[in-house]
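Take a look at the model below.

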Amino acid sequence: MEAIEAFAAIEDDAACAAAVTQVLDDWPAHHSRLREIRQKRVNALKGQGKTWQEIGVILGGVSAARAQQIGAGLRGTKRPPKKTEAAE
């Protein structure tokens, strides 16, 4: 959240717009890196003796099973398409 606020604090409109565009264009790579960081930290918490339930609470209230999946590097499943999308 601090990074987003740092973009908002850029006074030059052109520089701010260009910087945000670059981050948005590179978002898939950033997203993967954030997942890696989270997985590493989740496994560190587990190594410190935290339970999967405790880790789930730390992650914002996810289930113990989901916390364990994150630790294993498993991504969540995608939602099935809506009926109107499936028909197309």
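In which helix is Trp-27 found? Trp-27 sits in helix α3. Helices here are DSSP runs of H or I with at least four residues, numbered from the N terminus. The model is predicted: local features need pLDDT of at least 70, side-chain atom pairs count only at pLDDT 80 or more, and totals for chains, interfaces and linings use all residues. Residues are numbered from 1 along each chain as its sequence is written, and side-chain values use heavy atoms, leaving out hydrogens and water.

Trp-27 has a relative accessible area of 39%, so it counts as partly exposed. Buried means under 20%, exposed over 50%, and partly exposed in between (1.4 Å probe, protein chains only). With Leu-34 and Ile-37, Trp-27 forms a nonpolar surface patch of about 280 Å² accessible area together. Such a patch joins nonpolar side chains (Val, Leu, Ile, Met, Phe, Trp, Tyr) within 5 Å, from residues with over 30% relative accessible area and no salt bridge. The areas come from the Shrake-Rupley method with a 1.4 Å probe; for residues, only the protein chains shown count as cover.

Now the charges. The structure holds one salt bridge, a Lys or Arg side-chain nitrogen within 4 Å of an Asp or Glu carboxyl oxygen. Glu-36 and Arg-33 form it, at 3.4 Å from N to O. Both lie in α3, three residues apart, about one turn of the helix.

The largest nonpolar core has six residues: Val-42, Leu-45, Trp-52, Ile-55, Ala-67 and Ile-70. A core joins buried Ala, Val, Leu, Ile, Met, Phe, Trp, Tyr and Cys residues through side-chain atoms within 4.5 Å.

Notes:
Patches are made of residues with over 30% relative accessible area and no salt bridge: like charges are joined within 9 Å, nonpolar side chains (Val, Leu, Ile, Met, Phe, Trp, Tyr) within 5 Å. Helices (H or I, at least four residues) and strands (E, at least two) are DSSP runs, numbered from the N terminus.
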